[in-house]
Amino acid sequence: MSYTAKLLELISKQDGIVLTRDVEAAGIPRHYLTLLAREGLIERASHGIYVTPETFEDDLYILQARSPQLIYSHETALYLHDLTDRDPLAYSVTVPLGYHNRLLIENGLHVYTVKKEWHTLGVTETASEYGRPIRLYNAERTLCDLFRQRKKIDADLLNDGMKRYLARKDKNVPQLLRYAEQFRVSSLVRTYVEILL
């Protein structure tokens, strides 16, 4: 099978989006991306990311593919967990302390930083609206992050998120309280839980 055929098969398997690192991992020389782009079969969506012309650009997936360290959090994760109806105006992401986030901020993202040991705590995976895998914090971690930032966010957003969370069948209140203890917001979270449960 030719490199071009292998590359087209890889693009098809990945629903029209291919990353340069995927091409290299498949043993296909990078310049075949350029050749397909010149023929109009793919377009460069961003550095290291190519899409077919008929593919919708999946912003959540592409952002994370460009910056693998970012994890969707706060208002964005709340929305993705269906704990609010408010579509975020800008995506909220969390990166480890010391991560060079200037480009993320320039792209209009709300960037939060945490200690490296907290960065991967509570990470889960879901599908973007186009069905591609993205990483975000679980509902419990998301709520604790919002409590930590409570002075900077809308109180109604936090109240609504907690009400929706506590009404769910899949809630994990012990996990929520463990995260709250670790993030030093346990008294606030306990008060909400006692009032709303």
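Mentor: Let us begin with a contact between two helices. Glu-140, Arg-141, Leu-143 and Cys-144 in helix 8 meet Gln-175, Leu-176, Tyr-179 and Ala-180 in helix 10. By class, this contact of helix 8 with helix 10 comprises five nonpolar, one polar and two charged residues. Please keep in mind that the model is predicted.

Trainee: How is the packing of two helices described in general, and what angle and distance apply to helix 8 and helix 10?

Mentor: Two packed helices are described by the angle between their axes and by the distance between those axes. Here, the axes of helix 8 and helix 10 lie 9 Å apart, and the angle is about 40 degrees. Helix 8 is therefore oblique to helix 10. The crossing of these two helices is right-handed.

Trainee: Which residues of helix 10 are buried, and which helices do they pack against?

Mentor: Helix 10 spans residues 173-182, and its buried residues are Val-173, Gln-175, Leu-176, Leu-177, Tyr-179 and Ala-180. These buried residues pack against helix 8 (139-148), helix 9 (155-167) and helix 11 (186-196). Just after helix 10, Arg-184 adopts a positive phi of about 60 degrees.

Trainee: How many residues of helix 8 are buried?

Mentor: Nine of the 10 residues of helix 8 are buried, so this helix is largely enclosed by the rest of the structure. The buried residues are Ala-139, Glu-140, Arg-141, Thr-142, Leu-143, Cys-144, Asp-145, Leu-146 and Phe-147.

Trainee: At what angle do helix 1 and helix 3 pack?

Mentor: Helix 1 (residues 3-13) and helix 3 (residues 31-38) pack at about 80 degrees, and their axes are 10 Å apart. The two helices are therefore roughly perpendicular to each other. On the side of helix 1, Tyr-3, Thr-4, Leu-7, Leu-8 and Ile-11 take part, and they meet Tyr-32, Leu-33 and Leu-36 in helix 3. By class, the contact has seven nonpolar, one polar and no charged residues.

Trainee: Where is Ile-42 found, and what does it touch?

Mentor: Ile-42 is in the loop between helix 3 and strand 2. With a relative accessibility of 2%, Ile-42 counts as buried. Leaving aside residues up to four places away in sequence, Ile-42 touches Ile-11, Leu-33, Leu-36, Ala-37, Tyr-50, Val-51, Thr-52 and Pro-53. Ile-42 and Ile-11 are 31 residues apart in sequence, and their C-alpha atoms are 9.2 Å apart in space.

Trainee: Let us turn to strands. How do they pair in general, and what is the order of the open sheet of three strands?

Mentor: Strands of a sheet pair through backbone hydrogen bonds, in either a parallel or an antiparallel manner. In this model, an open sheet of three strands has the order 1-3-2 with antiparallel pairing. Strand 1 (17-19) and strand 2 (43-46) stand at the edges with a single partner strand each, so one side of each has no neighbour in the sheet. On average, neighbouring strands of this sheet are turned by 35 degrees against each other, direction ignored.

Trainee: Over how many bridges do strand 2 and strand 3 pair?

Mentor: Strand 2 and strand 3 (residues 49-51) pair in the antiparallel sense over three bridges. The bridge partner of Glu-43 in strand 3 is Val-51. The hairpin of these two strands has two residues between the strands, and Gly-48 takes a positive phi near 80 degrees there.

Trainee: Which residues lie on each side of strand 5, and with which strand does strand 5 run parallel?

Mentor: Strand 5 (residues 92-96) is mostly covered, with five of its five residues buried. One side carries Ser-92, Thr-94 and Pro-96, and the other carries Val-93 and Val-95. Strand 5 runs parallel to strand 6 (residues 110-114), to which five bridges join it. Val-95 stands opposite Thr-113 in strand 6. With strand 4 (residues 71-72), strand 5 pairs in the antiparallel sense over two bridges, and the partner of Tyr-72 in strand 5 is Val-93.

Trainee: Finally, is Arg-132 buried or exposed?

Mentor: At 7% relative accessibility, Arg-132 counts as buried. Arg-132 has its place in the loop between strand 7 (123-127) and strand 8 (133-137). Not counting residues up to four places away in sequence, Arg-132 touches several residues, among them Gln-14, Asp-15, Tyr-61 and Thr-126.

Note on methods
Residues numbered from 1 in each chain as written. Predicted model: local features only at pLDDT ≥ 70, side-chain atom pairs only at ≥ 80, totals over all residues. Heavy atoms only, no water. Buried < 20%, exposed > 50% of the residue type's maximum accessible area, 1.4 Å probe, protein only. Helix = DSSP H or I, 4+ residues; strand = E, 2+ residues; numbered from the N terminus. Contact = heavy atoms within 4.5 Å. Pairing = 2+ DSSP bridges. Axes fitted to C-alpha atoms, helices over the stretch in contact; angles between N-to-C directions. Parallel < 35°, antiparallel > 145°, perpendicular 65-115°, else oblique. Left-handed = near helix turned anticlockwise from the far one by under 90°. Nonpolar A, V, L, I, M, F, W, Y, C, P; charged D, E, K, R; others polar.
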